[in-house]
Structure formats: C-alpha cells, structure tokens
Amino acid sequence: MTPDVRPLVAGNWKMNGMRASLDQIKTIAEGVRPPLADKVEALICPPATLLYVATALCTDSPLAIGAQDCHQNPSGAHTGDISAEMIADCFGTYVIVGHSERRTDHAETDHLVRAKAEAAFAAGLTAIICIGETADERRTGQALDVIKRQLSASVPDGATVERTVIAYEPIWAIGTGVTPTSADVEKAHAFMRAELVARFGDEGRKMRLLYGGSVKPANAHELMGVANVDGALIGGASLKAADFLAIYRAYEALLA
Ligand SMILES: O=C[C@H](O)COP(=O)(O)O
C-alpha cells in the first residue's frame with residue numbers, strides 16, 4: 001500500500017457476462033458499503049453490452065462501473081468500436097486501456113494505448129493503463145526494461161492522479177494461477193513508483209499502482225499488503241461476487 005492513497009479493487013470481466021450476470025453486479029453493489037467503501041474503491045468493468053444497465057444498477061452504491069477499452073477518437077466511422085465519450089454517456093467512470101490481451105489480439109502499440117488514455121482523459125474518465133512483461137522477457141532479464149518502456153510510451157504527459165491508474169500485469173501470471181513472489185511484486189512496483197515520480201513529481205507519488213494476474217481471495221491479503229501496491233486488477237475471480245468481495249474485504253484486515 002502507499003500511505004494516503006485510496007486503493008482500488010477492480011474487476012475486469014473480459015468477454016464474459018450475459019444479462020444473468022447482472023445478479024453478480026447487484027450482489028457486489030450491495031456488498032460495497034461504508035465504512036470500507038470510504039477507504040477502498042471498488043470497480044467492475046463488464047463487457048460493453050452490460051455497461052449501461054450495470055451503471056443503472058449502481059446508482060445507490062459506491063461501486064464504480066467502467067469499460068474494458070475505448071477507441072482513440074470521440075466518434076466516427078469505426079465499426080464495432082466504442083468511444084470514451086460513449087462510456088461516459090453510459091455513466092461509466094473508468095476505462096481499461098492497453099490490456100495485454102488487446103495488445104496481442106488487436107496488435108495495439110504503446111502509441112495507440114497512449115492515444116486511448118488521452119481520449120479517456122478528454123471524456124472525463126480515469127484510464128487504467130496496463131503494462132507487463134511476457135514470460136520470455138522475464139526469463140531473459142528484461143522485465144524492468146519492458147516496464148520502463150511501456151510506462152514511458154503508454155502513459156500520456158497529461159497523466160494526473162485523478163485520471164490515471166497503472167496496472168502491472170505480468171502476462172505469464174494472467175489466468176495461470178501463478179503469481180510472482182511478493183518480493184518480485186515489490187521490486188516491480190518500487191521501480192514503477194520511481195519512474196513515475198521522476199516524470200510526474202508529486203502526482204507520480206500518489207498515482208495508484210494495481211497488481212493484476214491470478215489474484216484470488218487466498219492471495220489477496222499478501223499481494224495487497226505489498227508496498228506500492230494500491231489495489232488489484234482481477235480477471236477470473238471478479239466474475240463471482242463472493243470471490244470479488246472476499247478480495248475487496250482483504251482490506252478490512254490490512255487497514256485495521
Ligand atoms: O485484467 C485482469 C487480468 O488480466 C488478470 O486476470 P486473472 O485474474 O484472471 O489472472
């Protein structure tokens with residue numbers, strides 16, 4: 001954790017979730033309550049098909065709703081895409097950009113990810129900018145170089161604490177059940193913090209740094225307790241309300 005920073009526990013549903021899954025969002029919305037909700041923010045990013053209904057379900061809850069991607073332009077002839085403006089129009093407040101699955105499946109570059117983050121800022125959204133190394137890059141000792149390059153190229157110059165969250169997701173830990181050791185997470189996050197402070201000064205000191213990759217109720221307390229880890233970006237375990245809430249509630253003990 002970073003002192004004086006409000007952690008964010010975020011769920012990324014990826015290409016999962018049908019209308020019936022709205023029950024899970026309802027349960028999460030009911031479970032995210034003060035006093036913990038005053039100290040720890042919770043967010044679910046369902047597929048775009050559920051975005052509008054999900055935000056409508058959360059009008060009386062502190063649970064935030066976001067999207068998983070946006071186009072870099074506000075509108076136009078881009079079949080199948082949605083813009084940051086459209087997400088804001090559906091009352092979404094966050095958007096994930098540069099997830100490794102999009103970098104791989106849609107050949108997204110750091111340059112494009114940066115443009116998407118800028119589009120998010122312009123629409124008044126907070127961008128969760130994802131970075132992280134492959135297994136090969138880690139094996140060959142390039143993890144910190146990759147983090148440095150992606151941070152520098154994907155994060156816009158106009159990034160602020162309010163509008164920017166960085167998610168470190170080692171690609172080899174996503175959906176595998178394998179996580180880095182706490183010491184490895186601490187090293188990566190300390191490195192990111194130093195890079196952000198060098199570039200953004202005080203803003204960089206408070207920017208939230210999430211860890212993502214096989215976060216589960218069983219490892220949440222340990223991972224979320226690491227220095228400079230200001231929350232989690234959760235895939236599989238966010239699909240079940242009970243698991244997501246168990247991870248969220250790991251903060252009850254951490255903040256006690
Ligand atoms: O965006 C979430 C991450 O890709 C982590 O996914 P996972 O929790 O299923 O490993």
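A residue counts as buried here if 20 or more other C-beta atoms lie within 10 Å of its own, as exposed if 12 or fewer do, and as partly exposed in between, with C-beta atoms placed from the backbone. What you're looking at is a predicted model, where local features need pLDDT of at least 70, side-chain atom pairs count only at pLDDT 80 or more, and totals for chains, interfaces and linings use all residues. Residues are numbered from 1 along each chain as its sequence is written.

Let's start with the annotated site. An unreviewed UniProt entry lists Asn12, Trp13, Lys14, Gly175, Ser214, Gly235 and Gly236 under "binding site". They span 225 residues in sequence, yet no two of their C-alpha atoms are more than 14.0 Å apart, so they gather at one spot. Bear in mind that such annotations may be inferred rather than shown by experiment.

Here are two of those residues side by side.

Helices (H or I, at least four residues) and strands (E, at least two) are DSSP runs, numbered from the N terminus. Leaving aside residues up to four places away in sequence, Asn12 touches Cys45, Gln68, Ile96, Leu233, Ile234, Gly235 and Ser238; contact means C-beta atoms, placed from the backbone, within 7 Å.

Now for helix α1 (residues 22-31): Gln24, Ile25, Ile28 and Ala29 are buried there. They cover an arc of only 135° around the axis (taken from the directions from the helix axis to the C-beta atoms), which puts them on the same side of α1. The buried residues of α1 pack against β2 (41-45), α3 (51-57) and α12.

Terms used. Two residues are in contact if their C-beta atoms, placed from the backbone, lie within 7 Å.
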